[in-house]
Every structure is written in C-alpha cells, then in structure tokens.
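Hi there,

I'm handing over a structure for you to look through. Please open it first, then read on for what turned up in it.

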Amino acid sequence: MTPPKYLCERCTNCCRWPGDVKVSDKEITAIASFLGLPENGFIQQYTRLRANRRGLSLIDQADGACIFLDGQDCKIQPVKPQQCRDFPNAWNFPGWRDICMATEIPAAK
Ligand code: SF4
Ligand code: SF4
C-alpha cells in the first residue's frame with residue numbers, strides 16, 4: 001500500500017514545538033551563505049549541540065519556536081534544513097496528526 005502523502009498548509013506548528021532542528025555541515029554552509037555570515041559566526045549565533053550531542057541543531061526563541069520563524073514565515077525558507085522539508089511525509093512521530101494541519105492527499109487508485 002502506498003503511504004498517504006500530506007500537503008503542508010503552512011500552519012507553522014512544526015516550527016513551534018520543542019526539539020532539535022538538525023543541521024548538517026552542508027546545510028550550515030548554505031544557511032550561513034544565505035544570511036551573509038561566516039560559518040563560524042553562524043554556528044556561534046544560531047546553533048547548539050543536539051540533545052544526543054551528535055551534531056548541531058538550530059536554537060529556539062524564548063517561546064520555544066525555531067529561531068528562524070518570523071510570524072508565519074521561515075526566514076531561511078530557500079535553504080531550510082532537510083528535516084523541515086521532510087516533515088510529515090518522510091518522518092513524523094506519535095501524535096503528530098493532532099498538531100499538524102497538513103491535508104491528506106488521497107492515494108491514486
Ligand atoms: S528552519 Fe524554518 S522551516 Fe525549519 S523549523 Fe525553523 S522556521 Fe521552521
Ligand atoms: S505542522 Fe504540518 S501543516 Fe503545519 S507547517 Fe508543519 S508540516 Fe505544514
């Protein structure tokens with residue numbers, strides 16, 4: 001059976017819940033370049049160690065939202081991390097459907 005696919009409705013809830021937003025070395029290069037920052041400066045200013053200490057995550061705002069969420073928009077949309085692009089189709093977690101407003105696309109028959 002083909003798994004269901006979901007169309008993001010840009011509710012931004014996934015940018016607001018706590019947890020790591022993983023960034024790879026390649027993503028760090030791309031985001032730093034997009035922001036016009038040296039990589040080291042970007043790492044110092046916008047990242048922290050992941051909970052499992054195996055890499056870096058974007059930091060949060062005081063309310064727990066991702067540091068790059070601005071109202072309903074992602075400030076780094078063209079270069080946002082793969083983790084953000086992949087949710088909820090490539091990964092999700094128990095209970096995600098209660099929070100995510102994505103529309104289910106009926107599977108082709
Ligand atoms: S990088 Fe953008 S899409 Fe990803 S969690 Fe932050 S605000 Fe949301
Ligand atoms: S929670 Fe779901 S619908 Fe809302 S922005 Fe994230 S993926 Fe899109």
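Ligand 2 sits in the largest pocket of this predicted model. Which residues surround ligand 2? Around it are C8, E9, R10, C11, T12, N13 and C14, together with F87, P88, C100, M101 and A102. If you sort this shell by class, you get eight nonpolar residues, two polar ones and two charged ones.

Helix α1 covers residues 25-35 and helix α2 covers residues 39-46. A pair of packed helices is described by the angle between the axes and the distance between them. For α1 and α2, the angle is about 95 degrees and the axes lie 9 Å apart. Angles of 65 to 115 degrees count as roughly perpendicular, so α1 is roughly perpendicular to α2.

Which residues make the contact? From α1 come I28, T29, I31, A32 and L35, while α2 brings E39, F42, I43 and Y46. By class, this contact of α1 with α2 has seven nonpolar residues, one polar and one charged.

Happy exploring, and do write back with any questions!

Best wishes

Notes: Residues numbered from 1 in each chain as written. Chains lettered and ligands numbered in written order. Predicted model: local features only at pLDDT ≥ 70, side-chain atom pairs only at ≥ 80, totals over all residues. Heavy atoms only, no water. Near = heavy atom within 4 Å. 1 Å grid on protein atoms, 1.4 Å probe; cavity = no way out; pocket = protein on both sides within 12 Å on 5 of 7 lines; lining within 4 Å. Sits in = over half its atoms within 2 Å of the grid points. Nonpolar A, V, L, I, M, F, W, Y, C, P; charged D, E, K, R; others polar. Axes fitted to C-alpha atoms, helices over the stretch in contact; angles between N-to-C directions. Helix = DSSP H or I, 4+ residues; strand = E, 2+ residues; numbered from the N terminus. Parallel < 35°, antiparallel > 145°, perpendicular 65-115°, else oblique. Contact = heavy atoms within 4.5 Å.
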